[in-house]
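Subject: Structure handover

Hello,

Here is the structure I promised to pass on. Please open it alongside this email.

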Amino acid sequence: MYLMYHKNRRLQVHTGKDRSSAALGAGISEYALHHWQNPGPRIILNVFVLRDGKHQTMNDMNFPAWLAPILLSALLLGVYDVTKKRAVADNPVMPVLFLSNLCGTLFLVSGLALTGHLAAALACTPWQWLLILGKAVIVASSWACVYYAMRELPISIASPVRASAPLWVFLGGLVLFGEIPNGLQAVAMLAIFAGYYAFAALGKLEDIDWRRHRGIRAIFIGTLLGAGAALYDKYLLNVLKLDFLTVQCYFALNLVAVLGGFWGVYYLRGRQSRPFHWHWTIAATGVLLIAADFCYFYAVSLPEIQISILSLVRRSSCVVSFLIGAGLFRERHLRRKLAALALILAGVILLAWAR
C-alpha cells in the first residue's frame, strides 16, 4: 500500500503492486475549508474509488454525504472502546473520565489554535453556551455510568449493549416526532431485542445477573442518556444550525469542567476506594474520542440527515471493539457472543435499510 498526496489536497490510497486500469483503490478526499451559515471551518470528507482509471466520489456513486465521516467515526469509536476498557481497569472511574477528556480537549484546542480556527470556534452567544453546557451535563452523566460498567463487565457484553443506543434514538423519534415503524423496522427492532436477550443469557454463564448486577444497570442508564444526547445533537446542529466546531469546542471545555466537578464531589464523599494509576490509554481515549466526535458532529451538521440512521451506523463501532477487545482481553464464550452480535447487526442493517 502506498500514499499519493496531490496539490489539490486530495489524498489517494492505492493498494496492489501496479496502477492498472482495473486496480481498485480507496482514499479520503479533503476538500477546501469553507463556511456555511456560521463561522468555523467545514471539512468535507469524501471516499472515492479508483475504477478503470477514473475517480468516482461517493456523490458520483449516490452515497450520502454523511456516510464517509460517520464510518470513520465508527472506526475511531471502536478503538476508543478498547482503550477505554484498559484505562478503567483497576482504576477509579472519575479520575480517568476527567483526565482522558482533559487530554482530548487539549488536543482539540491545540489543533484549532495551530490551524488558526480557534477564534471562530469560540464565537457563540451566552444562550448557545448554556445549550451546549446542557449537552455536557447529559453526556457526563452518561459516561460516568458507562465507564463504571466498562470496568465491571466484559467488553464483549458492554460494547454491544452500548450499540443499542440507536434503537433508543429511534424510539425517541417515535415518541417525540410520531414516527411509526413500518413492517421491516419492526422486524429489525425484534432482531435487536433478540440479540440483547441472547447477551443476557450469556451473561449468566459469566455469573452476571442482568436484573441485579450494578454494571448492567449502569450500562443501560448510560446508554439511554447517550440516546437522549444524540437527539439533542440534532436539535443543536440541524435545527438551531450551530456551527459544528463551536459545539464540539465548547462541549469539550464544558465537559472537562462538569467532570472536574463530579470528581470533586466523588472525592469529598470518600467514594474513591481504588488508587489511581496513570496509563497511556487514558490520554489515547481522550484523543480518539475527539477525533470520532469531529467526524460525527460534522455529519450531524449536514442538511436533511436522520439522526437515527447516523446513530445506527456509528454504533457499528461495536464490531471493531468486539473483534479487537474480545481477543485482547481473552474473554469467554466468544462464539456464542458472536451469534448474538450478528443478530444485533442484522437488526441495525435492516433498521437503516428500512429508512
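Below are the findings, grouped by topic. Please keep in mind that this is a predicted model.

Helix packing

Start with helices H9 and H10. H9 covers residues 244-268 and H10 covers residues 280-301. Their axes come within 9 Å of each other and cross at roughly 140°. H9 is therefore oblique to H10; the cut-off for roughly antiparallel is over 145 degrees. The crossing of H9 with H10 is right-handed.

Which residues make the contact? From H9 they are Phe244, Leu245, Val247, Gln248, Phe251 and Ala252. H10 supplies Ile290, Asp293, Phe294, Phe297, Tyr298 and Ser301. By type, 9 of the contact residues are nonpolar, 2 are polar and 1 is charged.

Cysteines

How many disulfides does the structure hold? The number is 0. Take Cys249 as a case. The nearest cysteine sulfur belongs to Cys124 and is 9.1 Å away. A disulfide needs the two sulfur atoms within 2.5 Å, so Cys249 is in no disulfide. Cys249 is also buried, at a relative accessible area of 1%. Cys295 is buried too, with 5% relative accessibility.

Ser73 and its neighbours

Cys295 comes up again here, as a contact of Ser73. Ser73 sits in helix H1. Is Ser73 buried or exposed? It is buried, with a relative accessibility of 0%. Leaving aside residues up to four places away in sequence, Ser73 touches Ala292, Cys295, Tyr296 and Arg314.

Positive phi in two loops

Asp90 is not a glycine, yet its phi is positive, at about 60°. Where does Asp90 lie? It is in the loop between helix H1 (67-88) and helix H2 (93-114). Asp90 counts as exposed because its relative accessibility is 60%, and the cut-off for exposed is over 50%.

Lys241 also has a positive phi, near 60°, and is likewise a residue other than glycine. Its place is in the loop between helix H8 (214-239) and H9. Lys241 has a relative accessible area of 33%, so it counts as partly exposed.

To look through the model, you could begin at the contact of H9 with H10. Then go to Cys249 and the sulfur of Cys124.

Best wishes

Conventions
Residues numbered from 1 in each chain as written. Predicted model: local features only at pLDDT ≥ 70, side-chain atom pairs only at ≥ 80, totals over all residues. Heavy atoms only, no water. Axes fitted to C-alpha atoms, helices over the stretch in contact; angles between N-to-C directions. Helix = DSSP H or I, 4+ residues; strand = E, 2+ residues; numbered from the N terminus. Parallel < 35°, antiparallel > 145°, perpendicular 65-115°, else oblique. Left-handed = near helix turned anticlockwise from the far one by under 90°. Contact = heavy atoms within 4.5 Å. Nonpolar A, V, L, I, M, F, W, Y, C, P; charged D, E, K, R; others polar. Buried < 20%, exposed > 50% of the residue type's maximum accessible area, 1.4 Å probe, protein only.
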